[in-house]
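Try each task before you read its solution.

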Amino acid sequence: MTANPYPPNSRYHRVPVVTRTLPDGTVESYLARRILPAPERHVPLEHRRLSGAERPDTLAYDSYGDPALWWRIVDASGEADPADLTGTEGRLVIIPLPLEIADNGHA
């Protein structure tokens with residue numbers, strides 16, 4: 001494994017970078033599969049009723065002060081596609097505490 005090149009606010013920060021050697025000797029590096037946390041692990045910081053005009057990054061900026069943390073909200077919603085999270089007027093979404101806090105440091 002090699003060092004992870006992603007910053008701490010990236011959804012890939014804790015995902016290991018692994019390598020494999022092909023039969024011709026070429027070494028490929030890639031990210032291991034990112035396992036989504038079970039939705040029930042998320043502890044609400046707040047709930048937001050959507051107007052339908054929000055985007056995941058604007059929700060993250062409003063709630064965390066960092067638009068790059070949009071993936072925390074998408075993970076807590078259980079959606080596989082970030083585009084499916086917003087765009088529906090009246091939808092109630094969870095704005096979760098970071099798992100590092102909710103799980104006592106064991107994200």
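**Exercise 1.** Decide whether tyrosine 6 is buried, partly exposed or exposed in this predicted model, and do likewise for tyrosine 12.

*Solution.* Start with the cut-offs: under 20% relative accessible area is buried, and over 50% is exposed. Tyrosine 6 has a relative accessible area of 31%, so this residue is partly exposed. Tyrosine 12 has a relative accessibility of 31% and therefore counts as partly exposed too.

**Exercise 2.** Find out how many aromatic pairs the whole structure holds, and classify what you find.

*Solution.* The search returns one aromatic pair. Its partners are tyrosine 6 and tyrosine 12, with ring centres 5.6 Å apart and planes at 55°. Planes under 30 degrees apart would count as stacked and over 60 as edge-to-face, so this pair is tilted.

**Exercise 3.** Which residues make up the largest nonpolar core, and which element gives the most to it?

*Solution.* First collect the members: there are 10 residues, namely Leu50, Leu59, Ala60, Leu69, Trp71, Ile73, Val74, Leu85, Val93 and Ile95. Next, sort them by element: H1, helix H2 (70-77) and strand S4 (92-96) each contribute at least two. H2 gives the most, with three residues.

Now zoom in on isoleucine 95. Setting aside neighbours within four places in sequence, its contacts include Val43, Pro44, Leu45, Ser63, Tyr64 and Ile73.

**Exercise 4.** Which elements have the lowest and the highest mean pLDDT?

*Solution.* For the chain, the average pLDDT is 88, and 92% of the residues score at least 70. Among the elements, helix H3 (residues 99-102) is lowest at 80, while helix H1 (residues 56-64) is highest at 95.

Conventions:
Residues numbered from 1 in each chain as written. Predicted model: local features only at pLDDT ≥ 70, side-chain atom pairs only at ≥ 80, totals over all residues. Heavy atoms only, no water. pLDDT = per-residue confidence, 0-100. Helix = DSSP H or I, 4+ residues; strand = E, 2+ residues; numbered from the N terminus. Phe/Tyr/Trp six-rings, centres within 6.5 Å; stacked < 30°, edge-to-face > 60°. Buried < 20%, exposed > 50% of the residue type's maximum accessible area, 1.4 Å probe, protein only. Core = buried A, V, L, I, M, F, W, Y, C linked by side-chain atoms within 4.5 Å. Contact = heavy atoms within 4.5 Å.
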